[in-house]
Structures are given as structure tokens and as C-alpha cells.
Amino acid sequence: MRKRDKLEIMRDILKVIKENHMHIKMTPLLRKSNLSSKRFADYRAELLQKELIEEREERKTGKQIFLTSKGMEFLEKYKAIINFVNEFEL
Amino acid sequence: MAVIEQVLFPNTFGMELIYSFVIIVCSLLVYFSTKKMYDLSKYQGIKYFRMSFLFFAIAYFFKSFISFLFLILEIHEILEFSTLFLGVLTLFFFMYASTMAIFYLLYSVVWKDFKEKRFTIPLIHILVLVISALSIAIREVKILLGLQIFIFLFIAIYNHFHIKKLKGSKKPGHLHMIYLILFVFWMLNLADLLISGFNPILEILISMVSIGLFLVILYKVVKNVGSS
């Protein structure tokens, strides 16, 4: 299987959240992201730091991860970013 | 009167100003049009690419400023110019910005091959600052030209092995060639400024090819950014 690069993994995580009505609990997100716990924790921290996702405590469901508007914009522009990176071999 | 004549007369300062202006605008357009992409992805390669064009804009600004000072102060030799305080200052910023522009463009392509990334950029900044200061202090601009030739050779050799490594469906990008030509013409630009007595026709040729290369890169950037 082809190794996913960093931007692709970020896209995949954000896509899972989007397809789950914009929010998801930690455990199913870890499972659906196909990453080890350690790597998932790194990506989660990075996505939070880049403000592509946010974590909120919901009264009924507990702690959930939400897709931010910036995260949504990343998904919309992902193809263009990848094309740009490939075109300039960055 | 002589100043007015030189400003109006093509192939001198007027030409230099237009030429630098076009390249500065192209470079800044590349820098600002890719801001959104970088803000969203925080991708290192995009960052280095953008930084390269920011430094190209700064370098060309100082290049035209140096030409302007040459004209105003009626100086014809870079060594004479480097005895003035303003001359030393502008030369220093020009040398620093031009070398960093070249370095960032190279690094935007090869950064993934470097394991240690935290100290690379600060170290290069310090090194280039020291070399720029040194070449002015000992009044030997050829040191800087030598450094740029060294970077160019490194790129050419790296490029050769990188293309060799690519297999099957992965074709080598033609952008490497554009970068190599860009470096060659940047060094000719430097030589034009630092070494007196350049052929005017050659100066025009360097200017035209340089503008063409920046326009090609800008077109490719706008095409990609526009599609998002």
C-alpha cells in the first residue's frame, strides 16, 4: 500500500469529521484515520494548533472534535494545494 | 542635465527601473497570492518558495537602488561605491537578500531530504550575513559571486542525481530547468552590477530573459492559485 504523505493524512482526518456531520468522538476518529495512537496524537495536536479542528465538551455526548471553518476551507482547497506542491516540486 | 539624459535614455537607469519594477511586482504577486495556501496548510515547501520570492523582490529593489545611487553620485565602479557608508549598507542588504533568495528557492525543492530542519534556516541566515559582511569588509565582491556559483553547482549536481533517481511514470519536472536558467541569469545580473564594463546588448538580453522567467513562474503560480 502506498504511504500517505502529511497533507493527505490531514485531509483524510478532516474528511472523516466532515462526513460525520462535522463532529466526531476521539475513539472513532482514531479508528477511521488508520494511524497508530502515537501518530494520531501528533496529527491531532498539529490540526488543533493550525486551528483546522477544535475540541469542545458537549453536555450530552462528552468531548468531541469539530471541523472549523478553516478546516472546511482546507478541504475545499486541498486539490489546489496538492497541484501547486506537485507543480513546483516542493 | 546628464541625470535627465541618462534617465530618459533607454538601456540605462530608465530601463533598469522598468525591468526591476516588473520583477519586483512578479515576485510580490507570487508571495502574496500563495499566502492563503500557506496559511491553510502550513506546508514548509510553500513557505520556502514564498520566502524566495520575497527575497528576490528585496534584492531587485536594492539592485535598482544601487543603480540609482550610481547615477546620482556619478559612480562607475563598485569598489568606489563601497567606500561610502550608504554604499556599504545597500550593498550589504543586496548581497544578503540575493543569496537568501537563491538559497530559499533551492531549499524549497530539497528540504524533505534534510533530516535536521530546526537549525538549518537560522544557520544559513547567519552564514550568509557573515559572508556578505566579509565580502564588503575586505572589498572583494567576487567572494559573493563565488558563493553563488557554489550554490548553483550544488543545484546542478543535485538536479542531475534527482532526475536519475526518478523511475518509470515519474517524469522529471521541467521546473528544475527553469530554476537552473533563473540561477544562471541571476548570477549574470550580479556580475552586471558588480563588474563594470558589461556589454549593453548583453544587459538587455539578461533583463529580457529574467523578466520572461519570472513571468513564466508567475503564470504557473496564478494558474494553480486561480484554480482553488
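Everything described here belongs to a predicted model, and its confidence values deserve attention before the details are taken up. The model scores ipTM 0.84 and pTM 0.85. Chain B averages a pLDDT of 81, with 85% of the residues scoring at least 70. Within chain B, confidence is lowest in helix 1 (residues 2–8), at a mean of 53, and highest in helix 3, at 93. Where pLDDT is low, the predicted coordinates should not be read in detail.

The secondary structure of chain B comes to 10 helices and 0 strands, so that, by the numbering and runs assigned to it, the chain reads along its sequence as α-α-α-α-α-α-α-α-α-α. Of the 228 residues of chain B, 33% count as buried. Among the contacts in chain B between residues at least 6 apart in sequence, 75% join residues at least 24 apart.

Helix 9 of chain B, residues 175–194, can be followed from end to end: it has 20 residues and reaches 28 Å from its first C-alpha to its last, close to the 28 Å expected at 1.5 Å a residue. Its buried residues are B:Tyr179, B:Leu182, B:Phe183, B:Phe185, B:Trp186, B:Asn189, B:Leu190, B:Leu193 and B:Leu194.

Turning to the place where the two chains meet, 16 residues of chain B are in contact with 15 residues of chain A. On the side of chain B that touches chain A, the elements that give two or more residues are helix 3 (35–41), helix 4 (44–72), helix 6 and helix 10 (200–226) of chain B. By class, that side of chain B has 7 nonpolar, 7 polar and 2 charged residues.

B:Ile46 and B:Ile78, by comparison, are 32 residues apart in sequence and 35 Å apart in space, C-alpha to C-alpha.

Chain A contains a sheet. Here 3 strands form an open sheet in the order 1-3-2, and the pairing is antiparallel; strand 1 and strand 2 of chain A are the edge strands, each pairing on one side only. Strand 1 (residues 23–24) is joined to strand 3 (residues 62–67) by 2 bridges, and the bridge partner of A:His23 in strand 3 is A:Phe66. Strand 2 (residues 53–58) is joined to strand 3 by 6 bridges; along this pairing A:Arg56 stands opposite A:Gln64, while the bridge partner of A:Glu58 is A:Gly62. Strand 2 and strand 3 of chain A form a hairpin with 3 residues between them.

Two loop residues remain to be described for their backbone angles. Most residues other than glycine have a negative phi. A:Glu51, however, has a positive phi of about 60° although it is not a glycine, and it is found in the loop between helix 3 (37–49) and strand 2 of chain A. A:Glu51 is partly exposed, with 13 other C-beta atoms within 10 Å. In chain B, B:Lys42 likewise has a positive phi, of about 50°, although it is not a glycine, and its place is in the loop between helix 3 and helix 4 of chain B. With 15 C-beta neighbours inside 10 Å, B:Lys42 also counts as partly exposed.

Methods. Residues numbered from 1 in each chain as written. Chains lettered and ligands numbered in written order. Predicted model: local features only at pLDDT ≥ 70, side-chain atom pairs only at ≥ 80, totals over all residues. Contact = placed C-beta atoms within 7 Å. Helix = DSSP H or I, 4+ residues; strand = E, 2+ residues; numbered from the N terminus. Nonpolar A, V, L, I, M, F, W, Y, C, P; charged D, E, K, R; others polar. Expected span 1.5 Å × (residues − 1). Buried ≥ 20, exposed ≤ 12 C-beta atoms within 10 Å, placed from the backbone. Pairing = 2+ DSSP bridges. pLDDT = per-residue confidence, 0-100.
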